[in-house]
Amino acid sequence: MITIKPQLPPPIFHTSFFKTSNQKLPSVIFKPDQSPKHNPPPPPPPQTPNYHQPNLVETQQIHACLIKTGFASSQDIISLFTSKTHLTSSANYNFLITSYTRLNQPTEALTIYAQMRKGGILADSFLIPSAVKACTEMSWTRMGEELHGYALKNGLGSDAFVNNALMHLYGESGRLDSARSLFDKLFDRDAVSWSIMITSYSKNGLYEDTLEFIREMFTEQVKPSEAGLVCMFNLFAELANLQMGKSLHCYLIKNLNVGVQLGTSLVDMYSKCGYINSARLVFDALEGRSIVSWTVMIAGYIRCYKLGEAAGMCRRMLEHNVVPNEITMQSFVTECGFAGALEFGKQIHAYILRKGFCFTVASATALVDMYGKCSEIKSAKNLFYDLETRDVMTWSAMVTAYAQSDRINEAFDLFIDMRNAGIEPNQVTLTSLLAMCGKAGALDLGKWIHAYIDKEGVEIDIILRTVIVDMYSKCGDINSAKRVFTEVTARDTGLWNAMICGLAMHGHGEEALDIFSKMVKHGIRPNDITFIGTLNACSHSGLVSEGKKIFKEMSGFQLVPKVEHYGCLVDILGRAGLLNEAYQIIRSMPIRANIIIWGTLLAACRLHKNLKLGEIAAGELLQLKPENCGYNVLMSNIYAAANQWNDVSGVRKAVKDSGIKKEPGLSVIEVNGLVHEFKTGDRSHPGMAKIEEVLVEMRKKLKEAGYVADTSAVLQNITEEDKETSLTYHSEKLAMAFGLISTSAGTPIRIMKNLRICHDCHAATKLLSAIYGREFIVRDRKRFHFFKQGSCSCGDFW
């Protein structure tokens, strides 16, 4: 039994109702003058047959015997496996169906069920769960529904075993509404019923609903099964919810003996929450550790980037004569990808080859995925093309590798090759492509993928639906995002969050607040991301009082504000000119302010020309991250606005002497299904000659319209003319010029930029939208800007 006691927060679960009884067994009492009588030993109990479950061959033999007799009478062979010697025809069928189902032969089980029904033999409450389980394994939901109807028709609708089997069927097939309906109507819910619902909702990504099931189960004083407990620990590990994980650990210590399976899930939970030392304490206390226990512990060290400890644990595992298998090595490779531990991953790859492990498609896929996540595209590509056999997961891993490295054109080329090879992409492939389109702002490609999903009839689960909404939002098509969102009836927290964050990015603060309100009314519990999106919406729309109110509402949902939430609040106050209030918020925070918060305050000081607070914020930033050039630019602008030119020169000299380089601007534009990248000052694009012609034309027309370049952001010690030329070659202007020569008149030009758009480019783009009669849609690091007819949707508030 594990006796390691974690330091616990206030208990979440009700544990008093499972106290172990303190009653003692009665002892034998003798009188002082008596001695115990030596009675003869009782006769031995009658011998009972040592029954065992039949294997597949034995089941097939029984099946053959029953076919010969027409299932009319029991056979001697069946008595070897059951205490019943006189079985009815229905019981014979039940025996076979249950046996085939247990032996992972669902097709045979369902074939026998069909024969039984054809013969007019009634199924009972013992047979139907086995048949439903076979349907679950085959993903035959339609046949499961037929069994459901049969059960209702024959008065078995309230049977707990039948309902549990049906709930499991619907849960595994994603029909959570049907599973929930059965669960709500079930009067006699047992631990299995709760475990099925918890597992089903967790597998489908509805984590908030799963947590609600867990709370309700403990409130109703239902003792969870071991399978349910393992699922809970897995959920807490997935959510990195250490508080609930510790509370459940406390419940185990008080009420249960923790075996290897539960102990292993505890190790996994602590390691995925980043508490690797606690994981090690639990691991060391485990008796009879399995290969899974060792795998989880070593994988935890890799995940936490404690590679020395991971290597040492590998040696210790071998010393204990525990031999790693293929699953073990795949787990290690997967964690290397998660942690970005490329060199350690290469060592594991070499170990796999050196020790002669069976190099399966699954192993190769894990390695391709690991190299992709570590941005080692060359190794991933070489491994992928060396494979003789590739399945859909291998193709998906390579597509995802390209996507994670922002190689969007190569990713789509591979997607076409995948289809030409006869491999149908799955939801993983499509999710990666859509996420990549959203990141790059490639609306046309994203629309094409969405159309492919609809045309091919790909099943759209809640995750894929969420990615579609997110893609449209990030590509600037908020109306399509709202349309897809509205079409969904069963929305989880992630989908609500995607819509709120999308509206925030577009500056639609009132709509975002309305969606937040509807989310709460629908009983969906907001999380940290919900509040970040809602606060950002208030910030981009100047909704100060609403933002303050939303921030205070966090406590009502048992959420503690994190540094990101404080950053949003500081941004709301700073943009509104409430700089002193923003500064007091920073000083009163229970956690230390990071560079994001001080940078937000510095940007607000630049906007409102507050030199005093600007210097305070700049001083904090120099201590936290002195190598960031962007903050020096902001401070230089503040000094310039105050006409303190000596200080401006001092900042510029400090930047020059330190060798700090500003992060280069990068803008992306999609034209005719191809994505083109432009870096500030880069002239390597194949169409650069024509682009420069348009740049000259743009500059001439801007001057004619009375435009004066804002050179305050240029820190180099060069002439004003050279500064203006430098601004002309900003990445977004290069992308605009390319868009003007590559798209037809009247077509909106969409540009995605990695940095916040500068004041000069913002002012110039407003004028250019009127000069050329074109709409420019620019997404910068903060939000969307829709430039049209000389104005911007942000109202110059960004």
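**Close-up 1. A cluster of aromatic rings in the predicted model.** In this predicted model, ring pairs join Phe183, Trp194, Tyr201 and Phe213 into a cluster.

**Close-up 2. The ring pair of Phe183 and Trp194.** The ring centres of Phe183 and Trp194 are 4.9 Å apart and the planes stand at 80 degrees, so the pair is classed as edge-to-face, given that planes over 60 degrees apart fall in that class. Phe183 belongs to helix H7 (residues 176–185) and Trp194 to helix H8 (residues 191–203), so the pair ties together parts that lie eleven residues apart in sequence. Phe183 counts as buried at 1% relative accessibility, and Trp194 is likewise buried, with a relative accessible area of 0%.

**Close-up 3. The ring pair of Phe415 and Tyr452.** With ring centres 5.6 Å apart and planes at 85 degrees, Phe415 and Tyr452 form an edge-to-face pair. The pair links distant parts of the chain, since Phe415 sits in helix H21 (residues 408–420) and Tyr452 in helix H23 (residues 443–456), 37 residues apart. Both Phe415 and Tyr452 are buried.

**Close-up 4. The packing of helix H16 with helix H17.** The axes of H16 (residues 326–339) and H17 (residues 342–354) come within 9 Å and cross at roughly 160 degrees, which makes H16 roughly antiparallel to H17, and the crossing is left-handed. The contact is made by Met329, Phe332, Val333 and Cys336 of H16 together with Phe344, Gly345, Ile348, Tyr351 and Ile352 of H17. Sorted by class, this contact between H16 and H17 has eight nonpolar residues, one polar residue and no charged residues.

Methods:
Residues are numbered from 1 along each chain as its sequence is written. This is a predicted model: local features need pLDDT of at least 70, side-chain atom pairs count only at pLDDT 80 or more; totals for chains, interfaces and linings use all residues. Side-chain values use heavy atoms; hydrogens and water are left out. Axes are lines fitted to C-alpha atoms, for helices over the stretch in contact, and angles run from 0 to 180 degrees between N-to-C directions. Helices (H or I, at least four residues) and strands (E, at least two) are DSSP runs, numbered from the N terminus. Angles under 35 degrees count as roughly parallel, over 145 as roughly antiparallel, 65 to 115 as roughly perpendicular and the rest as oblique. A crossing is left-handed if the near helix is turned anticlockwise from the far one by less than a right angle, and right-handed if clockwise. Contact means heavy atoms within 4.5 Å. Ala, Val, Leu, Ile, Met, Phe, Trp, Tyr, Cys and Pro count as nonpolar, Asp, Glu, Lys and Arg as charged, and the others, Gly among them, as polar. Rings of Phe, Tyr and Trp (its six-membered ring) pair if their centres lie within 6.5 Å; planes under 30 degrees apart count as stacked, over 60 as edge-to-face and the rest as tilted. Buried means under 20% relative accessible area, exposed over 50%, partly exposed in between (1.4 Å probe, protein chains only).
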